[in-house]
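Start with the structure below.

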Amino acid sequence: LNSNTCRQLLDAFGRAEADPAIGAILLRGNGTAFCSGMDLEEVLGADQDALVDLHERLFTTIQRARKPIVAAVPGIALAAGMGLAANAHIVIAAPEARFGLTEIRVGIWPVVVFRAVARAIGERRTTELSLTGRTIGADEALRFGLVTEVASDPKVKALEVAQKLSQF
């Protein structure tokens, strides 16, 4: 999740919100992962203020979305990827999906995504995951309330859900 991708997501969310023909937003990765987090070279680089501002804009834009967001999580959703999933209204995950706030492993606290994850799974669990960097599987994420449903093909199932929501 580098700066360019964040800007593209901001633009896409803005266009979706402005277009009355769009009834739902489908958020998914193109490969086997959902999102492995922020670009660490950027995060650990020099221009921290601009990057934090960009991340704040992205995650508050998603948080304020007026259209339902459906996330398809086929694999890993780590750090900011878990934050993206936590901001979705409906999360469909593959049985092999993994979630985690792994920023602590590189000495970073998940400042930007902490609130969204805490809203989804509770502050105590979010704090534990943030402090330990532990990852959880789809079944545990379902029990925690982060995941809405576990499906063998989350991309197909999420598309079906988004299409159905779009009809309302």
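## The sheet

F99 stands opposite I136 in β6. This is a predicted model: local features need pLDDT of at least 70, side-chain atom pairs count only at pLDDT 80 or more, and totals for chains, interfaces and linings use all residues. Residues are numbered from 1 along each chain as its sequence is written, and side-chain values use heavy atoms, with hydrogens and water left out.

Strand β5 (residues 98-100) is joined to β6 by 3 bridges, and the two run antiparallel. Strands here are DSSP E runs of at least two residues, helices are H or I runs of at least four, and both are numbered from the N terminus. Two strands pair if DSSP finds at least two bridges between them. The open sheet has 3 strands in the order β3-β5-β6, with mixed pairing. β3 (76-78) and β6 (135-137) are the edges; each has a single partner strand, so one side of each lacks a neighbour in the sheet. From one strand to the next, the twist averages 20°.

## A helix across the strands

Helix α4 (residues 80-87) lies across β3 and β5. Its direction is at about 100° to β3. Axes are lines fitted to C-alpha atoms, for helices over the stretch in contact; angles run from 0 to 180 degrees between N-to-C directions.

## Two packed helices

The axes of α3 (residues 48-63) and α5 (residues 111-121) come within 9 Å and cross at roughly 25°. α3 and α5 are therefore roughly parallel (angles under 35 degrees). H55, E56, F59 and Q63 of α3 make the contact (heavy atoms within 4.5 Å) with V112, V113, R115 and R119 of α5.

Technical notes
Parallel < 35°, antiparallel > 145°, perpendicular 65-115°, else oblique.
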